[in-house]
Structure formats: structure tokens, C-alpha cells
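Biologist: I would like to learn how to read a fold from its coordinates. Could we go through a case together?

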Amino acid sequence: MKSFKIIHVFNDDKFVDVAIKLFEIACPNQSDYWINSKNKQPFKYVTSKLAKPIFLNEIQDNQNFVDYVVSMSNIVVFLHALDAPKQSLVNRLPENIVKVWFLWGYDFYRKWPLLKNNNLEFYTNKKFKKKQSLKQLLIYNSLTFYFFKNRKKYGFLIPKKVQVILENNFNTEYYKAVLKIDAVAPVVPTEFNLVKKINPKIKFVPFTYGSIEDLLGESINKNVIFASNILVGNSADPTNNHLDVFIKLSRLNLRNRKVVVPLSYGGSIEYRDQIISEGKRLLGQNFLPITEFMSLQEYNKLLISCGTLIFNHVRQQGVGNIISMGYLGAKLFINEKSPVYKFFKNEGIVMNSILELNQMNLNSNLTEKSFHHNKTVLYKLYSEEKSIKKIKDLIDVVERILNSKSYNA
């Protein structure tokens, strides 16, 4: 048992119960679990009896929670997704309190301007992207960020007006918070280097929300090798690059295969409606949009009808689906620009890039050999035993950071 107490700050989300379960197995009675609620209503997704409500959206509520944390000794704070209320929390907490960021995806790729404008592929970009102004193009690039980070060193080269523009656009609450974070748990390790470009001193810690056993439940012994349907994307967000996939598929013979497209969460109603219209136009009777929220059990039944997964995200997204489907034997087509593709490729997963999406590859199933290989690799990475070990390794890193801060105090 470690000597420090962990304060978790979550949002009300379907992944929270599983995370609480794993932390209680790995380090029982060491954590308090707080759920930030916008409307001060009962939780929609979280059912754990260990979860307690907290309200961080108002300035005074946020400060009250900071005062509560500071009043305790040997405390570390685990921030699950770095949204605006948690950014404010980080920026109010003193430096001596260890802060760990559990990166989700939206809290990085949507919040950091150098990343959020590079996530759309050609047709999606052409139809849905809001055009950047010349001013935005001149500001949000690696060179200007380099000068911003080194403004004390190169300040004499940068006109004062430009310095003010850089300060206003980069020195945000988000940037300040990321600089104060001690460690980050990315969804895939290949994201860590992206975070380090903002905060070079940040430490890596491992973590996975859930496990193979949690994700698949009763479906864990199924396989989808011969299932006919095709799963495209995981949400109604433009970063799925649905349109680019639909256009590729419209040029192939799908026969009677259904193209299953989950659109029940994320994104805007406007985007969802446009994608449904485009799906019907390009894919006709093969197109099957999913617009109603499903329980995990219902969703898994849907997944089992799909023997092919096509995820065209440039950013990290939908990793739980990729793990589940890869374990069950689906043929995987992933965008080769994605850190997810790079990570799984490095781990030896048998998969295809979106560039390899053609008639021959679409018609062929994963071989039995490749199925068992992927299943073995994914289980080693994401079994419950491995997920618990990741938490114990995470706790060890946090303890070292805490001891270092105490030593230097």
C-alpha cells in the first residue's frame, strides 16, 4: 500500500465504472472518485457506489475543491480528460501536488491548435472543414510555436505586436495546464511524443480504460472472421472521415453487405444528418446508420455482425473498438497516419492501411493464423491482468515523482 491518497476527477461517462473497478483491484481503498456534474443531477452513466458528485464548472466551486485538496496531505490528483473545468483546477493547484492527466483524445486533438486542423482527409476536408483565415495559418504552425516557446531567447527578433499575438493565441489556460502536469497516460504510447512537444518534462505512465474482459463481456469467445457486415467509424464526428470511406466503398462491389455506421454520439446533428444523406446517396441499401445510443451488450451484438472494421481517423480515436474487433478476428483497415496504426503495427498486429482498401482485400477474410496471432498480441496488451499491472506501474512512477517533489521542497 502506497502512502499517498489519490483524488480522481472524472466526467460522467461509460468508462468510469470499469476504471474504478480496476483501481480498486490494483490499489484498494487508496482512491476517492469524484464525478464532475454540469447539471447537478444524478449520474447518467456512472453506477459505482464509490463515486461522489463534485461541481467544478463555476469559479467558486472550482476554488472550493482546490481548497479541499490542498487541506489534505500526501495527495495526488488524477485528471481523467483535460477539459476546461479540469484545466482551471490544474492551474489553481500548487506545484507540489502531483497531477496526472489521463488523455482521452478530444482533450488533446481538439484543444491544441497545432493538431486540430490536420485531422480531416481530402473529401471530408473539402465538404465539412471551416476554412482557416490567412492569419490562422500564419499563427498556428510549428515555427511560430517554436518562437513562442523560445520567446525569452529570441524576443529581440520578434516585433512586439507579433509577441502579443503569439501570447494571446498560445499562452492559454490549456497550455498553462499542460505545462503543470507531471505525468500523462496516453491511450497509445505513440501519442506521448506529441504531448512532449508542449511539455518536454512530462513523464509517461501506462493506463487502459477497461480490459478485453470488460470490453467484450459475454462475447469474449466469439469470432467474426466470417461476419459479412462492415463497421465504419465510431461516432458522428467529422474526424471519422466517413465521406472518404463512403466514396471508396461506393466504387467497390459490396453485394448485400451492410455498412454499419455508429452515429449516436459525438459531433453535431448537422454533420450526422449530412453524413446520413451522403451514406444513402453513395451506398444505397448497403448503408446502415446507427443513431440511437446502445448499451455495451447491445453494441457488442452489433459488432459481432461485422467482420471488417474501417477506421479512417488521423487522430487517436476508437481504440476500444479496434481492440475488441481485432481480438474477435475482424479485418482491420486503419488510417496509416494515425498514432494508433503506428502503435499496433509496431506491436505486430496484422492489419491494413486505408490505402489498401480495395476489392480483393475487402473480399478476403483474416486467416485463422492471423486471427490467433492478433488475439494473442491484444490479450497480452489488454487483458485484465495486464491492465491491473499498468495501474501498479503507474502508481510506482507517481510515487517517485511525489518523493522527488518532497525532496526538492
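Biologist: Which residues does Ser37 touch, not counting residues up to four places away in sequence?

Modeller: Contact means heavy atoms within 4.5 Å. By that rule Ser37 touches Ile54, Phe55 and Asn57, leaving out residues up to four places away in sequence. This is a predicted model, where local features need pLDDT of at least 70, side-chain atom pairs count only at pLDDT 80 or more, and totals for chains, interfaces and linings use all residues. Residues are numbered from 1 along each chain as its sequence is written, and side-chain values use heavy atoms, with hydrogens and water left out.

Biologist: Is Ser37 buried or exposed?

Modeller: Buried means under 20% relative accessible area, exposed over 50%, and partly exposed in between (1.4 Å probe, protein chains only). Ser37 has 9% relative accessibility, so Ser37 counts as buried. Ser37 sits in the loop between strand 2 and strand 3.

Biologist: What is the strand order in the open sheet?

Modeller: Strands (E, at least two residues) and helices (H or I, at least four) are DSSP runs, numbered from the N terminus. Two strands pair if DSSP finds at least two bridges between them. Here seven strands form an open sheet in the order 3-2-1-4-5-6-7, with parallel pairing. Strand 3 (51-54) and strand 7 (203-204) are the edge strands, each pairing on one side only.

Biologist: How many bridges join strand 1 and strand 2?

Modeller: Six bridges, in the parallel sense, link strand 1 (residues 5-11) with strand 2 (residues 31-36). Ile7 stands opposite Asp32 in strand 2.
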